[in-house]
Amino acid sequence: MIWLIGTKGMLGAEAARLFEAQGMQYLGTDREVDITHGERLTAFAQAQGPISWIVNCAAYTAVDRAEDEPLICGRINRDGAANIARTAAEIGAKLIHISTDYVFNGKGSRPYREDDEPCPLGVYGRTKREGEAAILESHEAAYIIRTSWLYGAYGKNFVTTMLRLMEERDRLSVVHDQRGSPTWAYDLAQLMLRLITAPAAGRTIPYGIYHFSNEGNISWFDFAVEIYREAQERGLVTRPCILNPCSSAEFPAKVTRPGYSVLDKSKIKAALGIDIPDWKRSLHSFLPHQRA
Ligand SMILES: NC(=O)c1ccc[n+]([C@@H]2O[C@H](COP(=O)([O-])OP(=O)(O)OC[C@H]3O[C@@H](n4cnc5c(N)ncnc54)[C@H](OP(=O)(O)O)[C@@H]3O)[C@@H](O)[C@H]2O)c1
């Protein structure tokens, strides 16, 4: 059985839907099984039937709020990840844990590789990095997947926010000086499924850190332009909205976002023998699921 943690979040909900559609036997939990309580977590796991995989999509993801709540953020992203890893080790389960491009400072000029030195810019990125380190220390059978710019059907995210604002406003300013790769939550859920089914397909995937996002890299402004174009075509946005490129300095936030957040995905592609959909193709597949 698979234990999927964080099923009420954007990625967790997507994974739950996919596992269900594939007829996979899984147990889903969210806040009701608090990952910050290590002993209770292990006791919960031991009370279930045999669990062969734990997939952790739970996290503290409010990047700016984290600056005011560093302890809470650390308890979830660092201690929670460590608790899950210890539980997985205890019950002999393999672990898939999701991490982030925010472990890097975004000052690079070529796609980040898994062995590039992390250098997070804020509390969220730092605690996610600490979570990675805690997992690597306490459980050998773990896959840590760093992803970026996640969007999907089940939570507030850039695409759904843009669709709403484009319908409400005549003009929108969107930053052009942050570059990265969008990731459709469905594609990442598929990736997790591939990892889980790899042994049955005769593939041995070495444990460790991997990078995954959709292919291609763009600015938030470029992303908004494409969302607008597609949404207009599909009748999801019914009125004109002018998009203006602006700089990050015009949108002051508590935490500086990485300027260059592109992840090198060669390792995961080679390990699984997969091609990854381009960001435009995935956006194109996602939008029909949005209601006008
Ligand atoms: N969103 C992005 O753009 C992005 C980018 C890169 C990486 N990631 C990573 O991708 C993963 C999934 O992100 P997401 O956007 O799907 O996150 P999300 O929507 O915020 O979902 C996280 C879920 O975890 C739950 N949770 C929080 N604390 C918990 C606890 N102590 N015990 C049990 N559950 C708890 C949350 O509940 P509450 O809602 O009640 O807090 C929420 O249901 C995370 O690891 C995140 O760091 C996300």
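Residue N157 caps the N-terminal end of helix α5, with a side-chain oxygen 3.1 Å from the backbone nitrogen of V159. Helices (H or I, at least four residues) and strands (E, at least two) are DSSP runs numbered from the N terminus. The model is predicted, so local features need pLDDT of at least 70 and side-chain atom pairs count only at pLDDT 80 or more, while totals for chains, interfaces and linings use all residues. Residues are numbered from 1 along each chain as its sequence is written, and side-chain values use heavy atoms, with hydrogens and water left out.

**Helix α5**

- Helix α5 spans residues 158-168 and is mostly covered, with eight of its 11 residues buried; buried means under 20% relative accessible area (1.4 Å probe, protein chains only).
- The buried residues of α5 are F158, V159, T160, T161, M162, L163, L165 and M166.
- Their cover includes the elements β6 (150-151), β7 (171-175), α7 (220-233), β12 (242-246) and α9 (279-286).

**Nonpolar cores**

- A nonpolar core is a set of buried Ala, Val, Leu, Ile, Met, Phe, Trp, Tyr and Cys residues joined through side-chain atoms within 4.5 Å.
- The largest such core has 31 residues, of which I96, I145, L191 and M192 touch the most other members.
- Two or more residues of this core come from each of β1 (2-5), α1, β3 (53-56), β4, β5 (142-147), α6 (185-197) and α8 (266-272), and α6 gives the most, with eight residues.
- Leaving aside neighbours within four places in sequence, I145 is in contact (heavy atoms within 4.5 Å) with I96, H97, I98, S99, L188, L191, L195, Y210 and F212.
- Another core, of 29 residues, lies apart from the largest one; W149, F223, Y228 and C246 are among its members.
- In soluble globular proteins, nonpolar side chains tend to be buried together.

**Surroundings of the ligand**

- The ligand is surrounded by 24 residues, the closest being L11, D34, T61, Y124 and K128; a residue counts if one of its heavy atoms lies within 4 Å.
- This shell divides into 12 nonpolar, seven polar and five charged residues.
- A polar side-chain atom of D30 lies 2.8 Å from an oxygen atom of the ligand.
- Polar backbone atoms also lie by ligand oxygen atoms, at 3.3 Å for G9 and at 3.2 Å for L150.
- Of the 900 Å² of accessible area that the ligand has on its own, the protein covers 81%.
- The elements α1 (10-21), β4 (94-100) and α4 (123-138) give two or more residues to the shell, and β4 gives the most, with three residues.

Terms used. Polar contact = N/O pair within 3.5 Å; in protein donor to acceptor, adjacent residues only side chain to side chain. Areas by Shrake-Rupley, 256 points an atom, 1.4 Å probe, with all protein chains shown as cover. Nonpolar A, V, L, I, M, F, W, Y, C, P; charged D, E, K, R; others polar. Buried < 20%, exposed > 50% of the residue type's maximum accessible area, 1.4 Å probe, protein only.
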